[in-house]
Amino acid sequence: MHLVHCNFCKRNDASLLFTGRDLLHGIPGSFDLVRCNHCGLIYLNPQPSVDELAPYYPEDYEAHVGTRKEQLGWLRRLDYRYGVEKRYRAISRYIQTGRILDIGCATGAFLDGVRAHGWQVEGIEPGVRAAAYAQEELGIPVQNTSLEEAQLKSESLDVVTMWNVLEHLSDPQTALIKISRALRPGGILVFAVPNILSYDHKLFQSYWAGYDTPRHLYVFPPPVLEVMLARAGLELAERRCIYGTYNAFVYSARFAMMDRIASQTTRSRLTQLLQAIPVRIMMMPLSRVVDLLNRGSIMTWFCRKVAAS
Ligand SMILES: [Zn+2]
């Protein structure tokens, strides 16, 4: 673990927000989340190194294995396909075809869906097994490395996507600059990050899934992120909640139950109930309203590379 300065304003003046732990897998360790007194950026400090973080991304990490086709039931598969299509449709309002890179592409399910619309697709994925699946089973070209290590040709891409990745990176400002360089002028970056203005954050506070310590190294207040983008030559076009609202709610609810309900069996039953199909269907109109108000847990940002950068 090493102490870091604020990634945005470079100051070393932050206050403790809370001490968190791994609520997702229950792997031991405690982590201080701080808020910069100057700009408001929330970050883990001290930050674990890549090696220290590795145990917190086990082989069964949901984001890696959750999208292997053969492991999903038909309904989850349909739900996932719908999520991919929804995200694709949002992108196609800006650019209809071209070359797209998905950073943190996991098993390649999103790129697989986009390729079906005639796009040239490629991915970056540090997870060995997930990257191998995308390459071998789906035939998608993937650089099996981190964004920091990946080779990106300048001005070569029409679209870059990054679904729930930026908050995991140790230096998000440098990452945005690298991505911007790889985009052609007028190209777009679409990324999703935890929405600090969500109802879930208000309701669950330190149990909010958007914090996900220690995997999330940052939580971005929107004005800070806007300036970070501008510094990288990216202009905000739009931000909207378009997916993941109910799933994120279930995670937060599951985390909040941990210190309140002693019985593991009761907790699992309640989680199963929240995930049951009739409950999910019942909750759909409410999730839709939350999305329309932009108060869902996951905010998707659409940014355009300005010509002059
Ligand atoms: Zn700061």
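A residue is called buried here if its relative accessible area is under 20%, exposed if over 50%, and partly exposed in between, using a 1.4 Å probe and protein chains only. Phenylalanine 255, at 3% relative accessibility, therefore counts as buried. The model you are looking at is predicted, so local features need pLDDT of at least 70 and side-chain atom pairs count only at pLDDT 80 or more, while totals for chains, interfaces and linings use all residues. Residues are numbered from 1 along each chain as its sequence is written, and side-chain values use heavy atoms, leaving out hydrogens and water.

Let us start with the zinc ion. Its protein donors are Cys6 (SG), Cys9 (SG), Cys36 (SG) and Cys39 (SG), which lie 2.3 Å from the metal. Donors are N, O and S atoms within 2.8 Å of the metal (3.2 Å for Na, K and Ca), and water is not among the atoms, so sites may look incomplete. Along the sequence, the donor residues follow the spacing C-x2-C-x26-C-x2-C. The angles among the four donor atoms run from 99 to 123 degrees, and the zinc site is tetrahedral; for four donors, that term asks that all angles lie between 85 and 135 degrees.

In soluble globular proteins, nonpolar side chains tend to be buried together. A nonpolar core is a set of buried Ala, Val, Leu, Ile, Met, Phe, Trp, Tyr and Cys residues joined through side-chain atoms within 4.5 Å. The largest such core has 60 residues, and Leu41, Ile103, Leu166, Leu189, Phe191 and Leu225 touch the most other members. Apart from that core lies another, of 27 residues, including Ile91, Ala192, Ile242 and Tyr243. Returning to leucine 225, its contacts are Leu166, Leu176, Phe191, Val193, Phe220 and Trp301, leaving aside residues up to four places away in sequence. Contact here means heavy atoms within 4.5 Å.

Two of those contacts bring us to the aromatic rings. Rings of Phe, Tyr and Trp (its six-membered ring) pair if their centres lie within 6.5 Å; planes under 30 degrees apart count as stacked, over 60 as edge-to-face and the rest as tilted. The structure holds 13 aromatic pairs. In one of them, phenylalanine 191 and tryptophan 301 have ring centres 5.7 Å apart and planes at 15 degrees, so this pair is stacked. Phenylalanine 191 belongs to strand 8 (residues 183-194) and tryptophan 301 to strand 11 (residues 298-305), so the pair ties together parts that are 110 residues apart in sequence. Helices (H or I, at least four residues) and strands (E, at least two) are DSSP runs, numbered from the N terminus. Phenylalanine 191 is buried at 0% relative accessibility, and tryptophan 301 is buried at 2%. A charge sits over a ring if NZ of Lys or CZ of Arg is within 6 Å of the ring centre and within 35 degrees of the ring normal. Arginine 87 has its charged end over the ring of tyrosine 243, 4.6 Å from the centre.

Tyrosine 251 and phenylalanine 255 are four residues apart in helix 9 (residues 245-258), so about one helical turn separates them. Their pair is tilted, with 6.2 Å from centre to centre and 45 degrees between the planes. Tyrosine 251 is partly exposed at 23% relative accessible area. Threonine 245 also lies in helix 9 and is buried, with a relative accessible area of 8%.

Our last stop is the backbone. The peptide bond from asparagine 45 to proline 46 is cis, with omega near 0 degrees, and proline 46 is in the loop between strand 3 (42-44) and helix 1 (50-53). Another cis bond runs from threonine 213 to proline 214, with omega near -5 degrees. Proline 214 lies in the loop between helix 7 (199-204) and strand 9 (218-219). Aspartate 212 is in the loop between helix 7 and strand 9, and its phi is near 30 degrees, a positive value in a residue other than glycine.

Key:
Four donors count as tetrahedral if all angles lie between 85 and 135 degrees; four count as square planar and six as octahedral if opposite donors are over 155 degrees apart and all others between 65 and 115; anything else is irregular.
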